[in-house]
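Work through the following exercises with the model in view, trying each task before reading its solution.

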Amino acid sequence: TEIKQLHRTGFHFQPHRHWMNGPNGPMYFKGIYHLFYQYNPEGAVWGNIVWAHSISKDLINWKSLKPALSPSKPFDINGCWSGSATVLPDLKPVILYTGIDSQNRQVQNYAIPANLSDPHLTEWVKPDNNPIVDPGTEVNSSAFRDPSTAWLSLNGHWNTIIGSRSEQTGMAYLYRSRDFLNWTKVEQPLHSVPNTGMWECPDFYPVSHFGRFGLDTSVMGNWFKHVLKVSLEMTRYEYYTLGKYYPMTDKYVPDNTSADGWSGLRYDYGNFYASKSFYDPMKKRRVLWGWANESDSVQDDVSKGWAGIQAIPRMVWLDPNGKQLLQWPVMELNRLRRKIVMMLNQKLVKGQIVEIKGITAAQADVEVIFSFSSLDNAEAFDPSWVDAQAVCSQLGSTAQGGVGPFGLLTLASENLEEFTPVFFRIFKAEANHVVLMCSDARSSSLKDGLYKPTFAGFVDIDLSSKKLSLRSLIDHSVIESFGGGGKTCITSRVYPTKAVFGDAHLHVFNNGTESITVEYLSAWSMRSAWVN
Ligand code: DQQ
């Protein structure tokens, strides 16, 4: 088209054109990473859903293959919806996915590679004994989807969980099988929570108490915790609990260290949904893929010719405090770093803004450590402030505070008509300090008709070192931020009209009474990746 693409990303995963939603069946197989995704081959809006397929050696540069699964049989004729891959112990990958059948029911199917010696696994077969799970009479056939990667129990059978709801109780049904073909529903769901509505894309995996190494989904042991993540259709956020899994009885009991439900822990406090993780045996890590939807209008998507990106894949592991997960962009991303500029010991007094010059600010990676000498100026935290997003939108980034707001001004236009601040503000509570992290899209664009939310989360961090770190990946229409070394993540989609390409600027700022020091900042221009 004639339209200049102002908002296409340079190093995020997206198809060449058309609509993409959730990541499907991510896996590593014989030296190659596979990513499948929900895709409309006919346009930039949701519909006609197939499993598109791309492969990579480094999770950053991708080659697109033909779709692996398209509607063709009675058991998926109305859509090939989300699902997962499991690599069976004899190195045979199997896909479990949701088919929308000829009666518009959601059923679970399987598919296998047509030719295991094809290193790309280009061709997939949907055997005729599908579906392998149907909703029967007990389960709501319009709310029964997204089978997880299967895991092997100590009692010798395979397990998968499937998202659902019964009335308004969200749940993950547990199904088990001895042969991966005949599946039976376990009476009790693996977990359910009243008033949370439909659970999409459940994910269930172990995390180690020690270090950053990931664990294969079927690994069982006493020294692990398990993560249960669900995507809440009602709020469009993903929440997770940490808990204990009993591999003899297949029971999961969440720890009571955080809320279980929509007020619980989130992978990301912004635009990040329908995620899936997989174990990478090459680098012994667990990697998380999540979808960041557009925040512009359907009409904008149609004129752009595309919609949807995947967030940069993240390594996930257990915080040493055992109470939450930590996330960090996979290290392969660093290979795209080109020119670097640094800032050392730059003091920021109240109201100060300092530009980071010399990099491509519309396509950049920034890491910064802020420090402060005292928290005496921290404002009192109102215990009724449970909703970080509400606090953040009330206080904003420009009005003066005590300690903060301080942080980055990303995708800023020359005269600051447009800017997206990513920042912290520290409060004093009864017994501790409370750190608020925000990514505020309200001033991100002069254009109307966009969704410009104020995203925010709290950062559960020990401030005794008087330091707070922030990393932001800036890529034209997306800002992915990692606060406190990956404790709190926020992804925002923004569509600046002036702060584009060479006209985008990056700054550090402080609007708090307490002076803040940029102890150390590195910002890199990012090279574009080869994506599809
Ligand atoms: N959308 C898919 C479902 C999944 C949801 C259909 C996630 O399988 O539950 O494209 O956005």
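A nonpolar core is a set of buried Ala, Val, Leu, Ile, Met, Phe, Trp, Tyr and Cys residues joined through C-beta atoms within 7 Å. A residue is buried if 20 or more other C-beta atoms lie within 10 Å of its own, exposed if 12 or fewer, and partly exposed in between, with C-beta atoms placed from the backbone. The model is predicted: local features need pLDDT of at least 70, side-chain atom pairs count only at pLDDT 80 or more, and totals for chains, interfaces and linings use all residues. Residues are numbered from 1 along each chain as its sequence is written.

**Exercise 1. Find the residues of the largest nonpolar core that touch the most other members, and say where this core lies.**

Solution. Of the 148 residues in the largest nonpolar core, those that touch the most other members are A364, L411, L436 and A456. Domain 1 (18–331) and domain 2 (337–526), whose bounds come from an automatic or database domain assignment, both give residues to this core, so it lies between them. As a closer look at one member, L411 touches residues including A362, F419, I474 and V494, where residues up to four places away in sequence are not counted.

**Exercise 2. Describe how domain 1 and domain 2 meet.**

Solution. Begin with the distance: the C-alpha centres of domain 1 and domain 2 lie 32 Å apart. Next take the contacts (C-beta atoms, placed from the backbone, within 7 Å), through which 21 residues of domain 1 meet 22 residues of domain 2. On the side of domain 1 that touches domain 2, strand β25 (residues 325–329) gives the most, with 4 residues; strands are DSSP runs of E with at least two residues, numbered from the N terminus, and helices are runs of H or I with at least four. Finally, the residues of that side divide into 10 nonpolar, 6 polar and 5 charged, where Ala, Val, Leu, Ile, Met, Phe, Trp, Tyr, Cys and Pro count as nonpolar, Asp, Glu, Lys and Arg as charged, and the others, Gly among them, as polar.

**Exercise 3. Which strands each supply at least two residues of the shell around the ligand?**

Solution. First list the shell: N21, G22, Q38, I49, W81, S82, T98, R145, D146, E200, C201 and A274 surround the ligand, a residue being near a molecule if its C-beta atom, placed from the backbone, lies within 6 Å of it. Then turn to the strands, where β1 (18–29), β5 (80–88) and β15 (199–208) each supply at least two residues of this shell. By class, the shell has 4 nonpolar, 5 polar and 3 charged residues.

**Exercise 4. Locate the cis peptide bonds N130–P131 and G404–P405, and examine phi of L91 and N345.**

Solution. As background, most residues other than glycine have a negative phi, and most peptide bonds are trans. The cis bond joining N130 and P131 has an omega of about -5°, and P131 lies in the loop between β8 (124–125) and β9 (144–145). The cis bond joining G404 and P405 has an omega of about 5°, and P405 lies in strand β30 (residues 403–412). Turning to phi, L91 has a positive value near 60° and lies in the loop between β5 and β6 (92–100); L91 counts as exposed because it has 9 C-beta neighbours inside 10 Å. N345 has a positive phi near 45° and is placed in strand β26 (residues 337–348); with 10 C-beta neighbours inside 10 Å, N345 counts as exposed.

Technical notes: Two residues are in contact if their C-beta atoms, placed from the backbone, lie within 7 Å.
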